[in-house]
Every structure is written in structure tokens, then in C-alpha cells.
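Here's a quick tour of one chain, from the overall layout down to a couple of individual residues. Have the model open as you read.

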Amino acid sequence: MGAEAPAVTARALPEFRVPVWRVRAGAALLHEGAAPESVHVVRSGSFKCLKTSEDGYEQVLAFSGPGEVLGFEALSRGRHTCSVVALEDAAVAAIQRIAGGLPAFGIVAAVLGVVNTMGSVGQPPAVLGGMI
């Protein structure tokens, strides 16, 4: 006769609520140079990622839509490398308390910092230290 499948034990995970933020068209979600406070997953709407030069010129680097992650790179760099502005009314899931509440993001951020630094191995130690 057939072997019976082993019983599967489900382990309950602690409840983790992710707030949904509404962002109005034209409003900035992330600011270039600011420290990261959360990572955002676009639920609806669209965004542009841009850098602003000293003379006010805006260079659009990318567009993001539903399902895309915003602000993740800042975890490894310690600051946002571009601003993110809503092109239309939008909604994002805001994953907060990265270091304390979600240790996996902290580990990924550390790995990204090392990978980023490996691309600049020829730099002086003081520069490399600031990149991690």
C-alpha cells in the first residue's frame, strides 16, 4: 500500500502590518540625500526617480510602477541617491523599522554595501570605510 505523507506542522509567524501610504501627484516620496526610513513597494500609480543638479536641472533616471521597490538601494548607501516623485495619485506599501523589525533587510543592506565597495577596491581605505 502507499506510504502516508508526513504531517505538516505550520508555525505561526508574528503578525506584521505594512501601512499603505497615499501619495498625491507631484509629491515627493523620497528625497535625494535623506537617510532611509523605510522601503516602499508601489501598489498603484507611477513614480519618476530623478537627480537635481545645483542649477536646478532635473535628470530623470527611471520610472517605477506597481510591484516595483523604491528606496532599497539607500539601505546600503545610508542615504537616498535620488528623489522619487509621484506622477499621478499613487499608493505604496511602506516597510518600516528595517534594522530592528526586519533583520533580513539589514543583512541584505550589509551585503549590498560590501558589493558596492568591491567595485571600488582601488580607493583609499578612508573612502572604502565611508562606503560600507
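A word on terms before we start: two residues are in contact when they have heavy atoms within 4.5 Å of each other. Also keep in mind that this is a predicted model.

## The chain at a glance

Four helices and eight strands make up the secondary structure here. Walk along the sequence and you get the pattern β-β-β-β-β-β-α-β-β-α-α-α.

Of the 132 residues in the chain, 31% are buried. The accessible surface comes to about 8900 Å², and carbon and sulfur atoms own 58% of that. As for contacts with a separation of 6 or more, 70% of them join residues 24 or more positions apart.

Four of the strands form an open sheet in the order 2-7-4-5, with antiparallel pairing. Strand 2 (28–30) and strand 5 (58–64) are the edge strands, each pairing on one side only. From one strand to the next, the twist averages 35°.

Take a look at the strand 2 end. Strand 2 pairs with strand 7 (residues 83–86) in the antiparallel sense, over two bridges. Leucine 30 has valine 84 in strand 7 as its bridge partner.

Nonpolar side chains tend to be buried together in soluble globular proteins. In this chain the largest nonpolar core has twelve residues: Val23, Leu29, Leu30, Val42, Phe47, Cys49, Leu70, Cys82, Val84, Ala86, Ala90 and Val92. Strand 2, strand 4 (47–52), strand 7 and strand 8 (90–96) each give two or more residues to this core. Leucine 30 and valine 84, the bridge partners from the sheet, are both core members.

Leaving aside neighbours within four places in sequence, leucine 70 is in contact with Leu29, Leu30, Val39, His40, Val42, Phe47, Cys49, Ser64 and Val84.

## Tryptophan 21

Now for a residue in strand 1 (residues 20–23): tryptophan 21. Is tryptophan 21 buried, exposed or partly exposed? Its relative accessible area is 31%, so tryptophan 21 counts as partly exposed; buried would need under 20% and exposed over 50%.

What does tryptophan 21 touch, leaving aside its neighbours within four places in sequence? Its contacts are Leu29, Ser38, His40, Ala90, Ala91, Val92, Ala94 and Gln96. Pick out alanine 94: tryptophan 21 and alanine 94 are 73 residues apart in sequence, yet 6.7 Å apart in space, C-alpha to C-alpha.

Conventions:
Residues numbered from 1 in each chain as written. Predicted model: local features only at pLDDT ≥ 70, side-chain atom pairs only at ≥ 80, totals over all residues. Heavy atoms only, no water. Pairing = 2+ DSSP bridges. Axes fitted to C-alpha atoms, helices over the stretch in contact; angles between N-to-C directions. Core = buried A, V, L, I, M, F, W, Y, C linked by side-chain atoms within 4.5 Å. Buried < 20%, exposed > 50% of the residue type's maximum accessible area, 1.4 Å probe, protein only. Areas by Shrake-Rupley, 256 points an atom, 1.4 Å probe, with all protein chains shown as cover.
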